[in-house]
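Hi everyone, thanks for letting me go today. Have a look at the picture while I talk you through a few spots.

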Amino acid sequence: MYLKWLAAYFIVINLCGILFMYTDKKRARKHQWRISEKTLFLIALLGGSAGSIIGMQLFRHKTKHWHFTVGMPAILTVQIVLFFFFLHFFHII
């Protein structure tokens, strides 16, 4: 039961990561109000790092900023390690 909710959460948060990158890129082109970098990183830290990376690549957004090109993959790496640690810790695998 909990695994279904957890999977749904990660799907939604990663879709948010893609959507926020798209929206920020669109707003940047129109010189409109932007989504803060703090918010973009918060989405990644909450589990949307894969979606954020996909959004960066799809929309060619924030790809020249080292803190995004290094930071987002670093967050994803830590999340993957923690995921497998908890799977092992709770004897799921």
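I'll start with the overall layout and then turn to some single residues.

First, the ground rules: this is a predicted model, where local features need pLDDT of at least 70, side-chain atom pairs count only at pLDDT 80 or more, and totals for chains, interfaces and linings use all residues. Numbering starts from 1 along each chain as its sequence is written, and side-chain values use heavy atoms, with hydrogens and water left out.

So, the protein has three helices and zero strands; helices here are DSSP runs of H or I with at least four residues, strands are E runs of at least two, and both are numbered from the N terminus. The C-alpha atoms fill a box of roughly 50 × 25 × 20 Å along the principal axes. Buried residues are 27% of the 93, where buried means under 20% relative accessible area, exposed over 50%, and partly exposed in between, using a 1.4 Å probe and protein chains only.

Now, Lys25. Lys25 sits in helix α1, residues 2-29. Lys25 touches Phe59, Arg60 and His61, leaving aside residues up to four places away in sequence; a contact is heavy atoms within 4.5 Å.

What about the loops? Arg60, one of those partners of Lys25, is in the loop between α2 and α3 (66-89). Arg60 has a positive phi near 50° and isn't a glycine. Arg60 is exposed, at 65% relative accessibility.

His31 is in the loop between α1 and α2 (37-59). His31 isn't a glycine either, and its phi is positive, about 55°. His31 is exposed too, with a relative accessible area of 75%.
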